[in-house]
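Visitor: I would like to learn how to read a few features of a structure. Please show me the model, then take me through it.

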Amino acid sequence: MTHRPRARLFTRRRFLAGSALAAPTLAYGSSVLAMDPVPGVEMPMVEGFTYRVHRLIVGDANAREFAPSQISKTFPVNGSNAPTSLEMLGHSKTAFQSWALQVDGLCARPGLFTLEQLRAMPARTQITRHDCVEGWSAIAQWTGVRLSALLERVGASPEARFAVFHCGDDLIGTPYYESIDMVDAHHAQTILAYDMNGAPLPTGHGAPLRLRVERQLGYKHAKFVQRVELVSSLHGIHGGKGGFWEDFEGYEWYAGI
Ligand SMILES: Nc1nc2c(c(=O)[nH]1)N[C@H]1C(S)=C(S)[C@@H](COP(=O)(O)O)O[C@H]1N2
Ligand SMILES: [Mo]
């Protein structure tokens, strides 16, 4: 995979940062700077600033949603195009009928959830734009279980600060994984999607289940999710930076757009 510079995103970030500084009250600006960055995540200054600005200015606002007529005719498959775990490959041959998502870590009721069970839980459908760091975007409709509903079902503990998504594929011999904080985990548009454009998620796009975390860049949207682990710190997870590309390429953990 080649990755191009992110000129457009930095421009957008400068705009956001600029509007923060231009805010009428200086007190507001300084409260942005005084906010704690995410404990346990080392953030370079620009990333930390983006995170703070997003949390304070964007708040829990939704990412833009689009009309059905705006759905892209083609949506690229990027990164892995299939799982590599033998278990998941086996399940893909039987339409994932006996497959189950594992949810564990810091919660009162860890458990396994079949696709049927996930489909019976509170769902959301949204038409959103996926922005890849490599410079392409595409619009699709996604339907999935609200991550907040799943966290409620397992009784996530107050100590849980991050949701880690372990995937059934690997790149360069390491499983893909990603993580988000509880603000994004509880966001209305954060779903584990099982349908894309009204049909079961195609293999290349992450069947049976992929994360949609609409206010962040494409690499945060973990495909082939087989386990959600609730943790208080990212230190014990693989390289400790909270995601595959974060560990291997130094990508930002907070990829807000
Ligand atoms: N498990 C897994 N998830 C992944 C990737 C991957 O290689 N493996 N690639 C990421 C990247 S960089 C992007 S842009 C999107 C691509 O999703 P798509 O194939 O549905 O376009 O998935 C993200 N999630
Ligand atoms: Mo991407």
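**A buried glutamate and an aromatic cluster**

Guide: Start with Glu-214, which is buried, at a relative accessible area of 5%. Keep in mind that this is a predicted model.

Visitor: Where does Glu-214 lie in the chain?

Guide: Glu-214 sits in the loop between β9 (210-212) and β10 (225-231).

Visitor: With which side chains does the side chain of Glu-214 make a polar contact?

Guide: One partner is the side chain of Thr-128, at 2.9 Å. The side chain of Arg-212 is another, at 3.0 Å.

Visitor: Which residues does Glu-214 touch, leaving out those up to four places away in sequence?

Guide: With that exclusion, Glu-214 touches Ala-63, Gln-126, Thr-128, Arg-129, Trp-142, Gln-189, His-221 and Ile-257.

Visitor: Now the rings. What describes a pair of aromatic rings?

Guide: Two quantities: the distance of the centres and the angle of the planes. Centres within 6.5 Å make a pair, and planes under 30 degrees apart count as stacked. By this rule the count is 10 aromatic pairs.

Visitor: Why is the pair of Tyr-176 and Phe-244 stacked?

Guide: Their ring centres are 5.4 Å apart and their planes stand at 20°, so the pair is stacked. This pair links distant parts of the chain. Tyr-176 belongs to strand β6 (residues 174-181) and Phe-244 to helix α8 (residues 244-249), 68 residues apart.

Visitor: Are Tyr-176 and Phe-244 buried or exposed?

Guide: Tyr-176 is buried, and Phe-244 is too. Another stacked pair is Trp-245 with Tyr-251: 5.5 Å from centre to centre, with 25° between the planes. Trp-245 has 10% relative accessibility, so this residue counts as buried. Tyr-251 is buried as well, with a relative accessible area of 13%.

Visitor: Which residues form one aromatic cluster?

Guide: Tyr-176, Tyr-219, Phe-244, Trp-245, Phe-248 and Tyr-251.

Visitor: Let us step back to the whole chain. How many helices and strands does the protein chain have?

Guide: The protein chain has 8 helices and 10 strands. Of its 257 residues, 53% are buried.

Visitor: What share of the contacts with a separation of 6 or more comes from residues 24 or more positions apart?

Guide: Those residues account for 70% of such contacts.

Visitor: And what does the accessible surface of the protein chain come to?

Guide: About 11,900 Å², with 57% belonging to carbon and sulfur atoms.

Conventions: Residues numbered from 1 in each chain as written. Chains lettered and ligands numbered in written order. Predicted model: local features only at pLDDT ≥ 70, side-chain atom pairs only at ≥ 80, totals over all residues. Heavy atoms only, no water. Phe/Tyr/Trp six-rings, centres within 6.5 Å; stacked < 30°, edge-to-face > 60°. Helix = DSSP H or I, 4+ residues; strand = E, 2+ residues; numbered from the N terminus. Buried < 20%, exposed > 50% of the residue type's maximum accessible area, 1.4 Å probe, protein only. Polar contact = N/O pair within 3.5 Å; in protein donor to acceptor, adjacent residues only side chain to side chain. Contact = heavy atoms within 4.5 Å. Areas by Shrake-Rupley, 256 points an atom, 1.4 Å probe, with all protein chains shown as cover.
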